[in-house]
Amino acid sequence: MSVTAQSVWENCLLFIKDNINPQAFKTWFLPIVAVKLTDNALSIQVPSKFFYEWLEEHYVKILKIALTKELGENARLVYVIRMENTYGNKQPFTEKIPSSQRQHAMQPQEVEMAVRNKDPELRNPFVIPGIRNLKIESQLNPTYNFENFLEGDSNRLARSAGIAVANKPGGTSFNPLLIFGGVGLGKTHLAHAIGVQIKDKYPEKTVLYISAEKFTQQYIESVRKNTRNDFVHFYQIIDVLILDDVQFLSGKAGTQDVFFHIFNHLHQNGKQIILTSDKAPVDMQDIEQRLLSRFKWGLSAELMTPDFDTRVSILQNKLYRDGVEMNDDIIEYVAKHIKSNIRELEGAIISLIAQSSFNKREVTLELAKQVVEKFVKNTKREISIDYIQKAVCDYFQMDLETLLSKTRRRHIVQARQLAMFFAKKYTKTSLASIGSQIGDRDHATVLHACKTVDNLYTTDKQFRKYVDDLNNKFTF
Ligand code: ADP
Ligand code: MG
């Protein structure tokens, strides 16, 4: 039998399993996938940077022993971390690893250069450098897929639009598909899932995932190196372009301009564009009008905060995938107390697993309370719309029903406008969503409210006092 990455790793696992407790084995070793074996270096893929750090901190010795048994004195271990936006390796027995073994996520230009330099045919002046031979790494993270993107009311529209696009890239009216919503609500996950499914269904299609930040860096670099045309051409041959966090392009006129041209080219040629943003197009600032209007050509789908049941399912699914068992009351406790963001929800549960496996303690409700409390304290509390409405009602001594009513009485209208103004100022909620939560108004009404408050603040002394008093409530 030949020696493969898998067989080496399986032998390591047998040894490790005999030497650590079963729960820790399940938590920290079963999710690992052996991906590559070259000479005496074994590459293993771990789910996150946290995972890698944990292994390095607690299990490096046993890993080293196991690996040395299998591959001899010069054994090396290479971690491949698959996580959001970052693909890279970390090497524990570091200095021994030649840099040629590191797998950097290649910059598209680098890929192109590599192909040009390597391919001897390209030296023939009669052969036009065949861009079609170019293999573009899609930069997709396969662990972000549809199977583990759980469905709930908060994401149903975006999720099904994503599936429709994945089944027929460029062939639906959802082009571009813009996924927007607050931090940690699944935009990046969903964007990858679409790409992963397209790659699965249409392996010949060129799919590229890139963050707007990296796109911007590449663009700036191309200007510096005088290769702007290469940059544009590179992007124009892509079939499915996924640009994550487009709000990053705010105020960057040059990058917006080049993206505008790429966008038009792709769109005209029936190529699929998928964008994510932390805001709805109407709320994006410092993005050129001509780009914004294009963002609205297709479908904008919002990811909202998940309800309790969805949060519970997400946690259960995560535990199941990690092979960890936990009592329902603990899961429910975590889901009940961490509501704003799925990343935090996962963070709390990972930290709970870590604590229990490190201290060899069983996960109890008591431990869950401690972890959640620490978590909630550490994350910056955001002011919610509910809180703002309550503060405004208290201040003007009116009840919530009056504030939200349709009445046009001046002091009530002003209170409502103030609530909208502060919601815009202190939350990341979209204008449309603020409107719907504060008396079921539309986004234009909210925009008007914000302008009115600005105006009155400079012209009306009494009104200025209202604004300042309320502002104090939110800043202290
Ligand atoms: P965003 O890009 O909106 O900030 P991410 O896509 O990075 O958010 O999601 C944060 C975390 O929450 C990720 O680990 C992701 O896998 C997880 N997550 C988000 N939505 C879901 C979902 N519907 N089901 C399961 N996991 C989810
Ligand atoms: Mg993201």
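**Figure 1. Strand β5 and its partner β9 in the predicted model.** Five bridges join strand β5 to strand β9 (residues 299-303), and the two run parallel. The structure shown is a predicted model. Two of the facing pairs can be picked out by name. Leu 178 stands opposite Ser 300 in β9, and the bridge partner of Phe 180 is Glu 302 in β9. Strands of a sheet pair through backbone hydrogen bonds, which may be parallel or antiparallel in arrangement.

**Figure 2. Strand β5 and its partner β8.** Strand β8 (residues 272-277) also pairs with β5 in the parallel sense, here over four bridges. Opposite Leu 177 stands Ile 274 of β8.

**Figure 3. The side chains of β5.** In a regular strand the side chains alternate between the two faces of the sheet. From β5, Leu 177, Ile 179 and Gly 181 point one way, while Leu 178 and Phe 180 point the other way. Are these residues buried or exposed? All of them are buried. Because five of the five residues of β5 (residues 177-181) are buried, the strand is largely enclosed by the rest of the structure.

**Figure 4. The sheet around β5.** Five strands form an open sheet with parallel pairing, in the order β6-β7-β8-β5-β9. Which strands lie at the edges? They are β6 (207-211) and β9, each of which pairs on one side only. On average, neighbouring strands of this sheet are turned by 15° against each other, direction ignored.

**Figure 5. Two helices on the sheet.** Helix α6 (residues 156-167) lies across β5, β8 and β9 and runs at about 135° to β9. Helix α7 (residues 187-201) packs on the sheet as well, where it touches β5, β6, β7 (240-244), β8 and β9. The direction of α7 makes about 150° with that of β5.

**Figure 6. The contact of helices α9 and α10.** Helix α9 (residues 228-236) packs against helix α10 (residues 253-268) at an angle of about 35°, and their axes are 9 Å apart. The crossing of the two helices is right-handed. From α9, the residues Arg 228, Phe 231, Val 232, Tyr 235 and Gln 236 take part; they meet Asp 257, Val 258, His 261, Ile 262, His 265 and Leu 266 of α10. Six residues of this contact are nonpolar, three are polar and two are charged.

**Figure 7. Two cysteines.** Cys 12 has 1% relative accessibility and Cys 393 has 6%. Buried means under 20%, so Cys 12 counts as buried, and so does Cys 393. How many disulfides does a search of the whole structure find? It finds zero.

Notes
Residues numbered from 1 in each chain as written. Chains lettered and ligands numbered in written order. Predicted model: local features only at pLDDT ≥ 70, side-chain atom pairs only at ≥ 80, totals over all residues. Heavy atoms only, no water. Buried < 20%, exposed > 50% of the residue type's maximum accessible area, 1.4 Å probe, protein only. Pairing = 2+ DSSP bridges. Axes fitted to C-alpha atoms, helices over the stretch in contact; angles between N-to-C directions. Left-handed = near helix turned anticlockwise from the far one by under 90°. Contact = heavy atoms within 4.5 Å. Nonpolar A, V, L, I, M, F, W, Y, C, P; charged D, E, K, R; others polar. Disulfide = S-S within 2.5 Å.
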